[in-house]
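I would ask you to look at the model on the screen while I speak.

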Amino acid sequence: MSSNTDVQLIKNGKRLSGRKLEDLREIKIQPGVLDNADGSCYLEWGNNKVIAAVYGPKEAMPRHTQNPLKAVMNYKYNMAPFSVEDRKRPGPDRRSTEISKISGAALSKVVLLEKFPNMQIDVFVDVLQADAGTRCAALSAASVALADAGIPMTSLIACCAAGKIDNKVVVDLDKPEDNHGQADVPMAVIPRTEEIVLLQMDGHLTADEFKTAMRMAIDGSKKVNEIQIQALKEKYQGELNGD
Ligand code: ADP
């Protein structure tokens with residue numbers, strides 16, 4: 001985010017990518033891409049590429065981490081060194097620790113953890129290519145990977161960001177918009193109820209702009225949810241049909 005206004009991001013109502021204010025980038029979702037995980041999902045969102053792998057539920061280790069009332073949700077977000085233009089230093093940092101914590105908390109709202117006392121569910125998401133919006137891409141992929149693993153949930157979680165560029169509220173900021181924009185608000189929702197399970201904000205919005213941004217992010221998340229459901233249907237209906 002910057003207060004820098006010397007880069008014009010909207011011309012004649014269109015963004016630099018050609019998108020309208022309410023347009024998402026193209027999203028492709030493929031569940032079940034890894035043989036050695038219990039569930040997995042590869043997701044492309046514009047130029048973002050992420051892969052999610054789920055293991056478990058399995059006995060929580062070390063033993064002192066076990067909770068006799070419910071399973072422990074371990075979510076690990078990681079950016080590959082080659083995912084960004086300047087090589088990223090490998091390993092965890094404050095940003096990835098923060099994203100892991102809030103994303104795991106968001107998933108804990110829908111996964112039926114109390115069905116699996118003393119167990120753990122591990123969700124690993126690796127960002128292979130980053131172009132802004134990776135936490136939304138990662139969490140949307142993780143949700144599909146959990147479904148692919150057959151882990152009981154009350155709902156999928158879908159994510160989308162909204163924000164402000166050139167004094168206009170827009171949905172799903174890409175990298176130039178993230179760099180030169182005025183605000184970015186990533187959100188995750190339970191699509192059916194519109195309950196918000198993750199919300200962060202970088203930059204500044206007025207109260208009215210915030211309301212518009214919330215509406216746009218919820219509507220964006222619902223579009224993401226349709227693609228998630230379609231991807232799962234294609235895989236599992238295909239398998240039932242013997243494809
Ligand atoms: P998100 O990817 O969820 O939008 P941020 O707003 O923190 O998260 O990051 C925006 C973008 O900035 C990322 O998608 C990535 O392209 C880039 N970025 C983030 N962290 C780094 C880093 N350590 N090195 C290089 N680029 C980074």
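Predicted model: local features only at pLDDT ≥ 70, side-chain atom pairs only at ≥ 80, totals over all residues.

**A hairpin, a ligand site and some backbone features**

Strand β10 (residues 183-190) and strand β11 (residues 195-199) run antiparallel and are joined by four bridges. Strands here are DSSP runs of E with at least two residues, helices are runs of H or I with at least four, and both are numbered from the N terminus; two strands pair if DSSP finds at least two bridges between them. Within this pairing, Met-187 has Leu-199 of β11 as its bridge partner. Four residues lie between the strands of the hairpin, where Glu-194 takes a positive phi near 65°.

Residues are numbered from 1 along each chain as its sequence is written, and side-chain values use heavy atoms, with hydrogens and water left out.

I turn now to the ligand. Which residues surround the ligand? With a heavy atom within 4 Å as the criterion, the shell consists of Met-79, Val-84, Lys-88, Arg-95, Ala-130, Asp-131, Ala-132, Gly-133, Thr-134, Arg-135, Lys-175 and Asp-178. By class, four of these residues are nonpolar, two polar and six charged; Ala, Val, Leu, Ile, Met, Phe, Trp, Tyr, Cys and Pro count as nonpolar, Asp, Glu, Lys and Arg as charged, and the others, Gly among them, as polar.

A backbone N or O atom of Gly-133 lies 2.7 Å from a ligand oxygen, a polar side-chain atom of Thr-134 lies 2.5 Å from a ligand oxygen, and an N or O atom in the side chain of Arg-135 is 2.8 Å from a ligand oxygen. Helices α2 (134-148) and α3 (175-180) are the elements that give two or more residues to the shell.

Finally, the backbone. Most residues other than glycine have a negative phi, and most peptide bonds are trans. The bond from Gly-56 to Pro-57 is cis, with omega near 0°, and Pro-57 is found in strand β5 (residues 48-59). The bond from Met-61 to Pro-62 is also cis, with omega near -5°.

Technical notes: Polar contact = N/O pair within 3.5 Å; in protein donor to acceptor, adjacent residues only side chain to side chain.
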